[in-house]
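Colleague: I have a model open on my screen and would like to learn how to read its packing. Could you take me through helices and rings?

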Amino acid sequence: MFNKIASIALLTFIALPVFSADVSLTAKQTAEYAAKTYQESMVTSLAELVKYNTLAIDGISANDNPEHIAFKAELKKQALELGFDYTDDGYVIVIGLGESEERLGIITHGDVQPVNPKKWKKSPFELDTVSEPGKLIARGTEDDKGPISTALYAMKAIKDNKIKLNKRIELYVYMAEESDWGPLQTYIKTHTLPQTNITIDAEYPVVTAEKGYGTIKIAFNKNKYTGSDTYLSEFSGGFFGSQIPEDAKAVIENADIALLQQLMNKARSYQGVSFDLELKEKQLTITALGKSAHSSKPQEGINAIPFLADLLSQTRWPSNSAGTLVNFINDNIGLGLEGKKFGSIAYSDEFMGPMTVAPTVIKQLKNNIELNINIRRPRGKSAQQLTEEINHAIATWKLTNMADITELEHYIGNPFI
Ligand SMILES: [Zn+2]
């Protein structure tokens, strides 16, 4: 049960055997040379890069994180061996080839998303070439260390063939793409970026549009439930804003065998998600296991949070924080991926597809439980209109349910074409 989404390297940047008629003969020959000469070297390079768990650690700068430091040392070694120049600006590494004023930037990142090693056949930090023949499996092979190795050897092929460059090539490796864009924004203020840039951190070969990233945040304030009905004392799940969570957990108090049997029967009716139920005295603990995916493609995963909420939808839960949260998810999100139950926020664009709405992180805070809903939105609505619709939907639900919730500040990014 490893995470396929982030684990299969697509080394197609220069190894792609099909070329469009518009690509020059030089480009075609250089790509063929790279694929023929360096396929193995790229895999070796990647095997070294995936050894480091370059996950962000809360409260520690990437500049002080030992795994990040070791990863950068390996990157430096590889870059210098291949004959490129190497600049370490902390969060941003630049590996350069050529001298022109005009520059071409290749944008990648060296950090990775969290990983649960228990769900992998082999260590996520060891390149596995045997579990699924033909695939390269490790954390970050596709996102985004494979593209770094590929870019290094694309540059090497250009260098070997002494191709005259009218632009200097700069490979950028950012160290906090998955967690914090602040240091990159700071970097851009004091450095001039290349005139032309491509990112190799997506579907291949070309992406022409990207949905806008957003986060809807709501706090479910803590209230003690003191009645004798069954109630939810805990609901948790997810740990990264841009990851569809595969784990979620709920704890029901004042539970009995009848409730356990009822939920077990219902649990069997789902596909793609499994539930584990354990009744101890009067406390029923339920864990859900779905399938993680990148939150830009929620359809490729099974989000454990709404599925667990759906399992618990047979009743209206007493409105302490966890109960209110589950009621909210069932009323406004459900098992759909497009926010169609969430007031009037849903919309779609003919070319870019629908907005997706996925709860990704539930933070357990001192005074409340904070729900973070990741959205990916196409063109067709202004950020202001969408914000107003979100505000309206939450305010309406709050009033109708007399819910003790606080709408926090949402982030609504814009789509790119
Ligand atoms: Zn990425």
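This is a predicted model: local features need pLDDT of at least 70, side-chain atom pairs count only at pLDDT 80 or more; totals for chains, interfaces and linings use all residues.

Colleague: At what angle do helix H1 and helix H3 pack?

Modeller: Angles under 35 degrees count as roughly parallel, over 145 as roughly antiparallel, 65 to 115 as roughly perpendicular and the rest as oblique. Here H1 (residues 25-49) and H3 (residues 141-160) pack at about 135°, their axes 8 Å apart. That makes H1 oblique to H3.

Colleague: And which residues of H1 meet H3?

Modeller: Contact means heavy atoms within 4.5 Å. On H1 they include Tyr 33, Tyr 38 and Leu 49, and among their partners in H3 are Ile 148 and Tyr 153.

Colleague: How many aromatic pairs does the structure hold?

Modeller: Rings of Phe, Tyr and Trp (its six-membered ring) pair if their centres lie within 6.5 Å; planes under 30 degrees apart count as stacked, over 60 as edge-to-face and the rest as tilted. The structure holds nine such pairs. Tyr 33 and Tyr 38 are edge-to-face, 6.0 Å centre to centre with 85° between the planes.

Colleague: Is Tyr 38 buried or exposed?

Modeller: Buried means under 20% relative accessible area, exposed over 50%, partly exposed in between (1.4 Å probe, protein chains only). Tyr 38, at 11%, counts as buried, while Tyr 33, at 23%, counts as partly exposed.

Terms used. Residues are numbered from 1 along each chain as its sequence is written. Side-chain values use heavy atoms; hydrogens and water are left out. Axes are lines fitted to C-alpha atoms, for helices over the stretch in contact, and angles run from 0 to 180 degrees between N-to-C directions. Helices (H or I, at least four residues) and strands (E, at least two) are DSSP runs, numbered from the N terminus.
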